[in-house]
Amino acid sequence: PMCTTALIEKLGRRLRGFRKAEGGQVLMTFALATIPMIGFIGAAIDYSRGNSAKAAIQAAADSTALMLSREAPGLTEEQRNQRANDYFQALFNRPEVTNLSVTPVFTTPQQGNFKLELTATATVPTMFMRVFGQNSMSVDVHSEVLWGIKKLELALALDNTGSMSSSGKMSNLKTAAKTLLTTLKNAAKAEGDVKVAIIPFDTTVRIGTTYKDNEWFDIDSAIDCNGWLPGTGCNASNWKDYWKGCVRDRAHPFDTQDDPPTVADAKTLYPVEDCGSLAVAMPLSTDWTALNSKVDEMSPNGNTNVTIGLVWAWHALTTGLPYAEAAAPAPNLDKVLIILTDGDNTEAWDNINSKKITTSSKIDERTALVCSNIKAANIRIYAVRVINGNATLLRNCATNPTMYYDVDQASELNSVFSAIAQNLANLRIAK
C-alpha cells in the first residue's frame, strides 16, 4: 500500500541522517525514535490485511445474499441460516479469518415484496499491533437484496387446425406445452402465483356447453342449426340440445374487442357454431394435472382463424364475462398471451352480413387489430410461427421482435417454449 511505502521511505531518510551522527546519545535517541515508527508501519500492514479480508467477506456476503434470495420465501428460519452458512463457506477461503458468523434476516415489507438482509462478522488476527496490546481486528459487513415476486396469468392460444397434423407439429406442440407447464409450476412458490389458460382454436373456439343457459349467445345464428345434424329436428327453440359448445366471430368490431356480452346489444353476443373435434377451451387454472390433460386432448382439424384464438385468450385474461377467473390488473401481476399458429388465415365470419370471409388479407386486418388492442390493454404477446403462416403479421403482433419466434422445424418447439417459460419465470423477479 502507498501508506506503508511512504513510511518506509521516511524511515530510510531518517536512518541515512543518523548514519552521520556519532556517540551513544545519538544511537539511543535513534533507537527510541524508531519504536513508534516501526509500530506505525506495522499498524498500516495490519490495517491493509484487515481491509483485504473485509473486501473478501463483503464479496462472499453479496453473492450469498443473491443466491439465498432465490429460495428464501420457501425456507424456514433454521433452513435459511443453514443455507446462508453453506453458501458463504463455499465462497470464502481465508484461513486467517476467525470467529466467522453469517446471519440472514428475511422480511416482507409489503405484500408481494421481499427483503433479505445478510450480516457477516469475523475477526482478523494482527501481526504487528499485538506489540501494543491489540491482538485482533473486528470486521463486519452488510448486504441487502430487495425484490418482488410478481404473479403471472398466461393464456395459450394454440392452433388446432388440420395442418397441425403434418410434420410432427401437434406432437411436438404437446411436448413443448407440457415443458412450459412444468417450468411454470416449479416457478410458483404459492398456490395462485401462476395461472394458465389453454385456448385451442380453428375457425371457432369451443367454450363448452356448461355456459349454454346464459344469455350470451346469438340465437338467430342457430336457426335451422345451420345444417347441423340434418333430420334431427334441430331448431331455434331446442338448439341447446344439439350444440356442442363452439362459437364463431362476433359482429365487427366486437370480434376484435374484449367487451363483455350484453343482451342490450346483439352485436356483442356470441354466435353459436357447429364443432368438429376441437378440444374445449380451459380458462385460467392452477390445476396442473388438468392443464396437462387438456394439452393431451388437442386434435388437429379444420381451417384457420387466428383472430378468434387471440380474442378468446384475451377474454381469459380479463375479469369480465364470459370468463371470470382472471384477477384485476395490479402492479404485482403480469398478464401474458402466447399465440402459436402454422398457417395463414383462411376463414372467418362476417356476422353482420351472415357470410364467411375467405380472403386472407381481410382476416389479417382483424388479426392485426386484435393484436394492437391486446397490447394496448397492457398484455404482453409472444408469437410463434411454425413453418408456415404470415411472418410479418405475427412478428408485428408480438410485443417486441425478441418475443417473436419463427420455427422452421416442429422439433424446435420444445426449445422455444422452454425459452419462453424461463423468460416468464425470470420476469417474476420484479426488482
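Two strands are said to pair if DSSP finds at least two bridges between them. The legends below apply this term to a predicted model.

**View 1. Strand E5 between its two partner strands.** Two bridges join E5 to strand E10 (residues 282–285), and these two strands run antiparallel. Within this pairing, Val196 stands opposite Ser285 in E10. Strand E4 (residues 151–159) is joined to E5 by eight bridges, and here the strands run parallel. Ala157 has Ile199 in E5 as its bridge partner. The chain passes from E4 to E5 through helix H4 (residues 169–187), forming a right-handed β-α-β crossover. Strand E5 (residues 194–201) is largely enclosed by the rest of the structure, because seven of its eight residues are buried.

**View 2. The six-stranded open sheet.** The strands of this sheet follow the order E10-E5-E4-E11-E14-E15, with mixed pairing. E10 and E15 stand at the edges with a single partner strand each, so one side of each has no neighbour in the sheet. On average, neighbouring strands are turned by 15 degrees against each other, direction ignored. E4 and E11 pair in the parallel sense over eight bridges, and Leu152 stands opposite Asp334 in E11. Helix H4 packs on the sheet, where it touches E4, E5, E11 and E14. The direction of H4 makes about 175 degrees with that of E4. Helix H6 lies across E4, E5, E10 and E11 and runs at about 155 degrees to E5.

**View 3. Strand E14 and its neighbours.** Strand E14 (residues 380–386) is mostly covered, with six of its seven residues buried. Strand E11 (residues 333–341) is joined to E14 by six bridges, and the two run parallel. Val336 stands opposite Arg380 in E14. E14 also pairs with strand E15 (residues 404–407), in the parallel sense and over four bridges. In E15, Tyr404 is the bridge partner of Ala383. Between E14 and E15 the chain crosses through helix H8 (residues 391–397), and this β-α-β crossover is right-handed.

**View 4. The four-stranded open sheet.** This sheet has the strand order E6-E8-E9-E7 and mixed pairing. Its edge strands are E6 (205–206) and E7 (217–218), each of which pairs on one side only. Two bridges join E6 to strand E8 (residues 246–247), and these strands run antiparallel. The bridge partner of Arg206 is Cys246 in E8.

View 5. In soluble globular proteins, nonpolar side chains tend to be buried together. The largest nonpolar core of this model has 75 residues, of which Leu154, Leu180, Phe217, Trp312, Val384 and Phe417 touch the most other members. Helix H6 (residues 306–316) gives the most to this core, with eight residues. Leaving aside neighbours within four places in sequence, Trp312 is in contact with Ile199, Val205, Ile207, Val247, Tyr270, Pro322 and Tyr323. A second, separate core has 25 residues, including Ala53, Leu68, Ala84 and Val102.

View 6. Thr307 is found in helix H6. This residue counts as buried because its relative accessibility is 1%, whereas the cut-off for buried is under 20%. Not counting residues up to four places away in sequence, Thr307 touches Asp255, Thr256, Asn345, Ile363, Arg366, Thr367 and Val370.

How values were computed. Residues numbered from 1 in each chain as written. Predicted model: local features only at pLDDT ≥ 70, side-chain atom pairs only at ≥ 80, totals over all residues. Heavy atoms only, no water. Core = buried A, V, L, I, M, F, W, Y, C linked by side-chain atoms within 4.5 Å. Buried < 20%, exposed > 50% of the residue type's maximum accessible area, 1.4 Å probe, protein only. Contact = heavy atoms within 4.5 Å. Right-handed = clockwise from strand over helix to strand, strands pointing away. Axes fitted to C-alpha atoms, helices over the stretch in contact; angles between N-to-C directions.
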